[in-house]
Amino acid sequence: VGSEMCIRDSANAIPQALNHQALADLLVKEMLPAMLIRQSALVVVGGRQVHAIYSTAIDDDRLPTKQSAVRHLLDTVKSYRSPELTPPDHYDWVRLAIPVKIGETGLGAWLFGKRDLDDFYPLLDVNLLVTLANQIGVALQNIRLIDDLRKRADELQKANDELQELDKLKEEFIQNISHELRTPLTLVQGYVELLREGLLGEVNSEQKEALDIAFDRTIFTVRMVNDIISI
């Protein structure tokens, strides 16, 4: 009864796993010991690559690394495969291979090897593992969505950082315009006005006409600089 409760609680917790490590810990530390399973591996397929979420009591070189190998195991070990009837090969440790999918989309495979005490998987347990595999499919889909959201959030944060950097550059640009252009133009405008008013000495009519033109040009240029700063 205790093991059944553990399995039930673990099954309910599977879709709530937020990353691959949390999912692996739940399966390896809680569920598999309750079912007396010694050898198992959960592999997912991404493109042509195969990635192991976890493996227990299995050498890494005996795990499938290609999509074709995963598909072969799912096609040939659909129910319990007795070790006495299994021809020796790279994957002869696999007693049972259960597809992990979401809807009709295959995500990977849950592979099982030796089991205590009699190293046998009755139909009732196989059906239970199939149900759990469906829960794992939901968890993997949720984890993928979370990873995509985190990636998108990182991209948005990077874009925001770049915008802040651009905003900083904009402020520096405005300050440079204000200091390097508007300040000297204001000084020029002031001195020209003093000359026009004759406060720095008498000016003849031709000189005053030239100073009027210069004064008008400085006003226009100051307005243009102010417009640039406003924009």
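1. Ground rules. Residues are numbered from 1 along each chain as its sequence is written, and because this is a predicted model, local features need pLDDT of at least 70, side-chain atom pairs count only at pLDDT 80 or more, and totals for chains, interfaces and linings use all residues. Side-chain values use heavy atoms, with hydrogens and water left out.

2. The cis bond. Have a look at the step from Asp116 to Leu117: that peptide bond is cis, with omega near 0°. Leu117 sits in the loop between strand 4 (105-112) and helix 4 (123-196). Helices here are DSSP runs of H or I with at least four residues, strands are runs of E with at least two, and both are numbered from the N terminus.

3. Leu36 is not a glycine, yet its phi is positive, about 60°. You'll find Leu36 in the loop between helix 2 (20-34) and strand 1 (40-46), and it is partly exposed at 43% relative accessibility. Ala57 also isn't a glycine and has a positive phi, near 60°; its place is the loop between strand 2 (49-56) and helix 3 (67-76). With a relative accessible area of 58%, Ala57 counts as exposed. For these labels, buried is under 20% relative accessible area, exposed is over 50% and partly exposed is in between, with a 1.4 Å probe and protein chains only.

4. Arg115. This arginine is in the loop between strand 4 and helix 4, and it is buried at 9% relative accessibility. Its side chain reaches the backbone oxygen of Met35 at 2.9 Å, and a polar contact of 2.7 Å links it to the side chain of Asp125. (A polar contact is a pair of N or O atoms within 3.5 Å; within protein, one must be able to donate a hydrogen and the other to accept it, and residues adjacent in sequence count only if both atoms are side-chain atoms.) Leaving out residues up to four places away in sequence, Arg115 touches, among others, Leu36, Ile37, Arg38, Phe120 and Tyr121, where contact means heavy atoms within 4.5 Å.

5. A distance to check. From Arg115 to Asp148 is 33 residues along the chain, and their C-alpha atoms are 36 Å apart.

6. Helix 5 (205-230). At its start, a side-chain oxygen of Asn204 comes within 3.2 Å of the backbone nitrogen of Glu206. An α-helix has 3.6 residues a turn, so residues three or four places apart point the same way.

7. Leu200 lies in the loop between helix 4 and helix 5, and it is exposed, with a relative accessible area of 53%.
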